[in-house]
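Here's a quick briefing to read alongside the model. Have the sequence and the 3D view open as you go.

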Amino acid sequence: MNKRFIYTGSFVLLLMIAVFSAIKFTNVEAKGGEAVATKKSYVSYEIQPGDTLISIAKENIKNTDLTIDEYVEEVKENNQLHDDKIIAGNKIIITTYAY
């Protein structure tokens, strides 16, 4: 009976540690009741015909707390662009966000 109690207690303790660790290390912030993506990555993106920096921003700021203007400025800075002009077929570095 003693061994069973020790095994059960150990299992429950490990389970509690796992649950609390998962909660502690989850990297999601709340924005008006919605989750906000906070994991930031940079990827190469080939500009498609009809793309603008604003259209690219709209696709990539979903679930973030960034504005379109903030995202566009970040892309311009990362790619050393002096204006909003981009050319289809060229590649730029864009920021993506995940949870």
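Predicted model: local features only at pLDDT ≥ 70, side-chain atom pairs only at ≥ 80, totals over all residues.

Residues are numbered from 1 along each chain as its sequence is written, and side-chain values use heavy atoms, with hydrogens and water left out.

**Helix H3**
- H3 runs over residues 68-78, and its buried residues are Tyr71, Val72, Glu74, Val75 and Lys76 (buried means under 20% relative accessible area, exposed over 50%, partly exposed in between, with a 1.4 Å probe and protein chains only).
- Those buried residues pack against strand S3 (39-46), helix H2 (53-60) and strand S4 (91-98); helices (H or I, at least four residues) and strands (E, at least two) are DSSP runs, numbered from the N terminus.

**Threonine 95**
- You'll find threonine 95 in strand S4, and it's buried, at 0% relative accessible area.
- Leaving aside residues up to four places away in sequence, threonine 95 touches Lys40, Ser41, Tyr42, Asn60, Tyr71, Glu74 and Asn78 (contact means heavy atoms within 4.5 Å).
- The side chains of threonine 95 and glutamate 74 are joined by a polar contact of 3.2 Å (a pair of N or O atoms within 3.5 Å; within protein, one must be able to donate a hydrogen and the other to accept it, and residues adjacent in sequence count only if both atoms are side-chain atoms).

**Glutamine 80**
- Glutamine 80 sits in the loop between H3 and S4, and counts as exposed at 67% relative accessibility.
- Just after H3, glutamine 80 takes a positive phi of about 50°.
- Most residues other than glycine have a negative phi.
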